[in-house]
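Here's a quick briefing to read with the model open in your viewer. Have a look at the chains first, then work through the notes below.

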Amino acid sequence: MKRALEAVLLIAALLLTGSGGGGREIESCLFVIALAVDPAPDGSLTVTVKALSGTQEAAAPQSGEDAPAQEAGQSAPSAGQTETVEPGYVTLSATADSCLSALNLLSATTPRSVDLSQLREIVLSETLARTDATLTILRQIDALYEANAGAIVVVTPDDAGDFIRRQYAMFGVRLSQYLEVLFDHFAQLGTIPANAKLSAVISAMESSTADAAAVYAAGNAFDATLLLGDASPTDRLPGHLPRTSPAKNEYLGSAVFSGARMVGTLTGDETAILRMISGQALNTSISMGEAIYQISVHTRTRRTLDWVGGVPVLGASVSIRMALSAGTQQQTAAELARQLESDAQQLLRKLQAMGSDLIGYGRLAVRRCADIPAWEASGWETAYRTANVRTTARVRIQ
Amino acid sequence: MRMGEDAITLTDDLEINLRCLRERLCMPDNQDVLLRRFRSGAFESALLAIDGMCDTREIDENILKPCMDLPRDAGADVPGGERVAYLMENAVSILPMQMKERFDDLIADALSGQCVLLCEGSAAACVMDTRGFDKRGVGRPEAERVVLGPHESFTESIRTNITLLRRIVQRETLITEFVSVGGAMKTRCALLYLRGTADEAMLARIRQRLCAIDYDFPLTTGEIGQFIEEHPGSLIPQTVHTERPDRAASFLAEGQVIVLTDGSPAALGAPSTIWHQLHTPDDTSMRWQYGTFLRLIRLLGIAVHVLLPGIYLALLRFHPELFSPMLLTSVYESGSRVPIPVYLEALLMTLAFDLIGEAGLRAPGSMGNALGIVSGLILGQSAVSADIVSPLLLIVVAASGLGGFCVPNYALSIGLRIVQLIVLTAGAAGGLYLIALVLLALLCSLCRMQSIGSPLTAPVTPPRRANPDILLRLPLRRQKARAFFAKHDS
Amino acid sequence: MPNTTPESVVAARIRAAYRVRACAAAVCTGAAVFALGTGAGMAICLNAAWLAAAAALPACALLTLLAHRALTSSRPARLRNALLAALMLLLAVFALAALVSLAKQTMLPHATISYIARTSFLMAALCCAFGGAGVSRLMFALRFVLVLGLAALCALSLRGESASGLFPLLGPGAQQVALAALCMLAGAAPVLLLALPPAELAEIDEATRLGATPGPGFFLWRVLLGGAIGVLLLAALSLGGPYERIAQETSWGQRMLLARASGPRAGGTQTALLILQAAALLLCAAQTMLAGAQALSAALPRLQPFALPVALALCAGLLTALVYTGLETALRAAPLLSLPAAAAGALCLGRRKSP
């Protein structure tokens with residue numbers, strides 16, 4: 001009986017497990033490296049993707065086949081155009097009511113299944129980011145299982161589709177590799193937020209204890225030397241860097257969110273301070289005065305939340321060791337510490353004004369509450385905006 | 001007693017005995033049979049042997065000549081039943097001898113190369129070991145090569161093999177039991193064990209299984225192993241074969257039983273565990289650090305052999321997110337040019353690799369060497385150039401094949417090749433999920449298997465006493481216990 | 001000098017078999033606690049599911065003592081065995097439902113539910129057909145891999161996350177936590193497979209087996225460890241994100257994802273975690289199916305040659321029904337398993353016959 005049972009099960013396994021598993025040949029997938037979302041004039045969304053083409057030949061340019069339809073103001077979803085891009089990649093766009101519909105439309109018209117497992121970058125138009133639609137869009141992207149939860153969320157004041165069209169890999173590397181190296185490089189510089197990955201941004205947006213920050217980026221179409229003034233090179237927003245970079249896009253600073261909506265921006269230097277206060281400034285550099293300092297690995301930060309007379313006090317304590325890496329040191333360690341305290345206080349005030357808890361003081365506040373109803377009734381959002389701020393800094397220069 | 005083909009034992013009458021033997025041995029048609037009557041002192045005697053199987057010079061010098069040189073009245077007053085013994089004491093100078101009475105035994109012994117001496121008036125005959133057939137000398141092992149350690153291997157002669165073992169295990173408790181195995185044509189087997197070390201219950205099981213073999217002609221150790229194993233449908237062998245006397249001796253020391261088969265240059269060790277099939281003598285001969293390192297390399301090779309093609313296919317079809325971007329681009333571009341589905345491609349490449357391996361084994365010497373170059377360079381390169389296969393898949397299959405060469409046990413390597421195909425199919429059908437489930441099912445099957453009543457995966461599971469010599473080979477100084485299947489107080 | 005009489009060898013074998021069995025019970029308990037926690041617990045009390053799951057630990061301890069009592073009793077107990085059979089088969093179906101949900105949401109999103117269900121069931125059934133000794137021994141061999149592997153991978157993937165995901169500690173409130181704790185009591189049900197002696201000891205006479213059976217402490221710490229690991233995994237899930245994120249995950253399988261991969265190739269970590277989870281659930285399903293068949297043949301001796309096929313057929317039927325009605329049905333029904341578990345546990349009490 002046992003042998004018979006084994007034989008029956010083996011035969012059944014052979015016959016019944018062969019098909020239905022949903023496997024796909026790799027060439028039937030469209031691997032998206034960069035994805036951009038823009039608002040369309042009629043209230044729908046235009047999704048532009050840059051994907052692997054599967055060949056080293058450049059895609060042939062096509063005229064806009066659906067341009068007459070768009071000019072007529074039709075709101076029907078439309079498939080997009082392909083353009084001449086670097087060899088190995090193709091840029092496609094589609095317009096539909098939602099991000100998911102647009103991706104499905106791309107799958108249907110390509111015809112390949114859109115696969116977001118190699119996604120490196122999600123670029124949102126700032127117009128869109130300043131609405132509540134951001135979270136819905138990001139959730140839809142994240143809900144596709146294969147979506148790479150480590151893709152970086154970027155907000156741009158330009159047209160997001162144009163932003164990724166301008167993007168190309170330099171020095172012969174693949175675009176996906178180039179983007180990874182690029183984001184690592186800027187993370188090392190400390191001028192982009194540390195937790196701008198898709199999963200972290202969604203978590204923060206959904207959470208009532210912290211807020212999200214995305215990378216802020218823009219095209220660098222001209223040399224903005226005339227607009228510089230005396231500000232430090234990184235104490236500004238992208239698109240205004242004081243040199244002409246071979247790359248057409250610049251990544252600098254943070255797009256600050258409060259809940260699901262973008263409420264402001266931080267410059268590169270402000271982002272560096274933010275990282276320092278959040279304890280994410282390991283091995284980064286910071287510009288103070290006319291000097292650039294490299295922060296050592298022994299940075300210690302402490303965030304505290306105290307309640308004095310029922311009023312919260314947001315505390316940030318930073319103790320860092322820095323080494324001068326460029327420029328001339330014109331301040332002593334004590335002066336630098338005072339400047340750091342002042343910069344940190346200004347940043348916290350700015351974030352309070354925007355109503356964005358990027359540092360995550362809410363995570364400390366929630367520990368006072370036993371359960372969720374108590375937390376939701378605690379009025380933390382209001383308390384945060386009116387909280388006092390106390391910053392201390394200790395600097396040692398090597 | 002009626003004489004004829006159904007006679008069972010010898011009679012007093014030499015003529016009747018000889019007539020019976022002539023009938024049984026199909027004389028005069030069978031011209032290999034030597035049957036010689038002669039006068040030995042006061043009575044008649046006869047010698048039976050098979051031409052080519054016996055050493056005729058030894059027979060002439062140590063049996064015939066001395067017997068025929070006896071005086072004519074020698075043994076006149078010896079009773080008929082003691083005449084054979086008289087000749088053995090006074091004339092014959094051959095050492096190994098046995099007295100037997102049954103025709104079946106005498107004929108079987110004669111056919112194996114021994115010589116039978118019959119005397120008038122005696123209802124018993126003397127069987128003397130005068131084997132002198134041509135046999136292969138002791139050579140080097142073909143399938144179990146080592147760097148350090150002895151380089152002798154078993155031969156087809158059971159006597160030589162026993163001698164090789166006795167040279168290593170010089171203990172009075174090393175017992176050799178001869179067993180005739182089979183149905184119509186019996187094969188001579190020898191059961192060797194260390195009394196006091198091997199478990200009696202296990203020994204009894206092996207004896208019982210050997211005696212129960214009713215296959216007509218179990219020629220080799222491999223065939224005998226198939227009859228005594230518990231799970232004939234399994235892909236994993238439950239006994240271990242070795243062509244090395246040193247390895248067989250280590251099995252004896254652990255309490256295992258060695259079965260030697262006349263005509264087969266391999267020994268069968270039982271019971272065994274899966275770990276026996278993964279270890280090599282080099283592991284023990286070398287220092288523990290080197291032995292452990294080599295063992296881990298070997299295990300890695302086996303894992304690559306079994307899992308790599310299946311995992312590669314699973315990643316391609318179900319989990320491309322696990323590829324690095326550079327690798328994915330390369331695979332994506334090459335995959336777009338290949339016209340056949342990736343599963344068929346992988347299957348063809350794997351089977352081609354197996355075909356090349358088989359062809360290399362069977363092709364005559366010089367051709368076999370060239371085959372690898374031809375197949376690798378021409379077929380592989382051509383296939384890639386023609387976009388029939390993708391280069392990465394070729395590398396995967398080649399790496400997997402190399403890993404297969406790490407399996408020390410040939411029988412196990414064939415079983416693992418089949419497992420590799422199962423894993424490949426599972427990866428193509430259900431991705432890493434189905435591979436995981438199939439592996440769990442295979443491991444369950446492995447864990448429930450037994451070898452002569454001992455669990456195959458012991459002492460890891462179920463836990464049994466063991467030396468620290470399973471996955472890692474720890475220092476010999478720490479290895480003080482006998483294997484768990486040895487006698488409990490050995 | 002170790003005692004090496006034949007009697008001591010048999011006693012050592014019996015102890016080894018019980019060790020393997022205890023390990024199997026521990027793995028099944030951990031898997032059940034985790035599956036119930038992600039299924040019912042998180043749906044009710046979000047990030048406080050780990051706290052509710054801790055309530056299952058005293059239940060595990062109690063059932064272990066009761067099961068040990070039944071194990072050392074030679075009284076026939078048909079009713080208890082019949083209840084055990086039903087309980088074990090339902091647990092098996094629950095574990096399979098959890099496995100199918102996990103696989104559908106994570107590893108095989110494009111496959112049909114029916115494909116995943118029949119594949120999972122067939123592999124579990126094959127493991128059962130190979131015999132109880134095989135499944136238990138495999139669980140024993142993989143015990144370190146499962147425990148340490150899950151712990152190590154969790155630690156790696158949660159590196160850098162703050163502990164704030166655990167707060168508020170009581171989640172939606174103490175009432176919800178208490179309700180979830182009641183539901184989680186069913187997570188202790190797999191412990192009752194200890195009431196059935198291991199199949200590989202069937203050849204040994206009962207008196208010898210009873211005499212060599214280890215004390216309750218032998219099983220207790222292992223079972224509690226398994227349950228504690230289930231609780232810790234639920235805590236790790238809570239650490240992986242804020243409670244709002246858990247509220248958003250409406251699918252059972254998605255809730256079982258231990259920490260989202262947060263890097264381009266961190267998917268390897270996540271895939272390894274998923275495979276370990278799937279292995280634990282599959283082995284739990286196979287072990288409980290076998291235990292159900294064993295209890296069935298003890299309850300109905302005439303059914304003995306067909307016990308396993310009947311048990312497999314019942315599980316297949318239930319699983320097929322779940323596939324069509326929705327796997328979430330298993331979640332709604334699972335907390336009710338605490339009732340037959342309590343009844344079977346109560347039936348374990350009674351006069352113990354000495355060996």
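**Briefing: strands, helices and contacts**

Let's start with a strand pair in chain B: β8(B) and strand β10 (residues 267–270) of chain B run antiparallel, held together by three bridges. Within that pairing, B:T242 has B:A267 of β10(B) as its bridge partner. Keep in mind that this is a predicted model.

**The five-stranded sheet of chain B**

- That pair belongs to an open sheet of five strands, ordered β6-β7-β9-β10-β8 (chain B), with antiparallel pairing.
- The edges go to β6 (174–181) and β8 (240–242) of chain B; each has a single partner strand, so one side of each is left without a neighbour in the sheet.
- On average, neighbouring strands of this sheet are turned by 25 degrees against each other, direction ignored.
- Helix α5 (residues 158–168) of chain B lies across β6, β7 (187–194), β9 (257–261) and β10 of chain B. Its direction is about 10 degrees off that of β7(B).

- Strand β1 (residues 33–40) and strand β2 (residues 43–50) of chain B run antiparallel, joined by eight bridges.

**Backbone spots worth a click**

- In chain B, the loop between α1 (14–24) and β1 holds B:P28, and the peptide bond from B:M27 to B:P28 is cis, with omega near 5 degrees.
- B:C26 is in the loop between α1 and β1 of chain B as well. It's a residue other than glycine with a positive phi, near 55 degrees.
- Is B:C26 buried or exposed? B:C26 counts as exposed, because it has 11 C-beta neighbours inside 10 Å.
- B:I452, in the loop between β11 (450–451) and β12 (454–455) of chain B, is also a residue other than glycine with a positive phi, near 50 degrees. B:I452 is buried, since 22 other C-beta atoms lie within 10 Å.
- Over in chain C, the bond between C:F167 and C:P168 is a cis peptide bond with omega of about -5 degrees. C:P168 sits in the loop between α7 (143–157) and α8 (174–184) of chain C.

**Chain A**

- Chain A has 13 helices and 15 strands, and 45% of its 398 residues are buried.
- Of the chain A contacts between residues at least 6 apart in sequence, 70% join residues at least 24 apart.
- Helix α9 (residues 268–277) and helix α10 (residues 333–354) of chain A pack at about 95 degrees, their axes 10 Å apart. That makes α9(A) and α10(A) roughly perpendicular to each other.
- A:E270, A:I273, A:L274 and A:I277 from α9(A) meet A:D343, A:A344 and A:L347 from α10(A). The residues of this contact come out as five nonpolar, no polar and two charged.

**Where chain C meets chain A**

- Here 38 residues of chain C are in contact with 35 residues of chain A.
- On the chain C side, the elements giving two or more residues are α5 (113–129), α11 (243–248) and α14 (307–325) of chain C. α5(C) gives the most, with seven residues.
- That side of chain C divides into 22 nonpolar, 12 polar and four charged residues.

How values were computed
Residues numbered from 1 in each chain as written. Chains lettered and ligands numbered in written order. Predicted model: local features only at pLDDT ≥ 70, side-chain atom pairs only at ≥ 80, totals over all residues. Contact = placed C-beta atoms within 7 Å. Helix = DSSP H or I, 4+ residues; strand = E, 2+ residues; numbered from the N terminus. Nonpolar A, V, L, I, M, F, W, Y, C, P; charged D, E, K, R; others polar. Axes fitted to C-alpha atoms, helices over the stretch in contact; angles between N-to-C directions. Parallel < 35°, antiparallel > 145°, perpendicular 65-115°, else oblique. Pairing = 2+ DSSP bridges. Buried ≥ 20, exposed ≤ 12 C-beta atoms within 10 Å, placed from the backbone.
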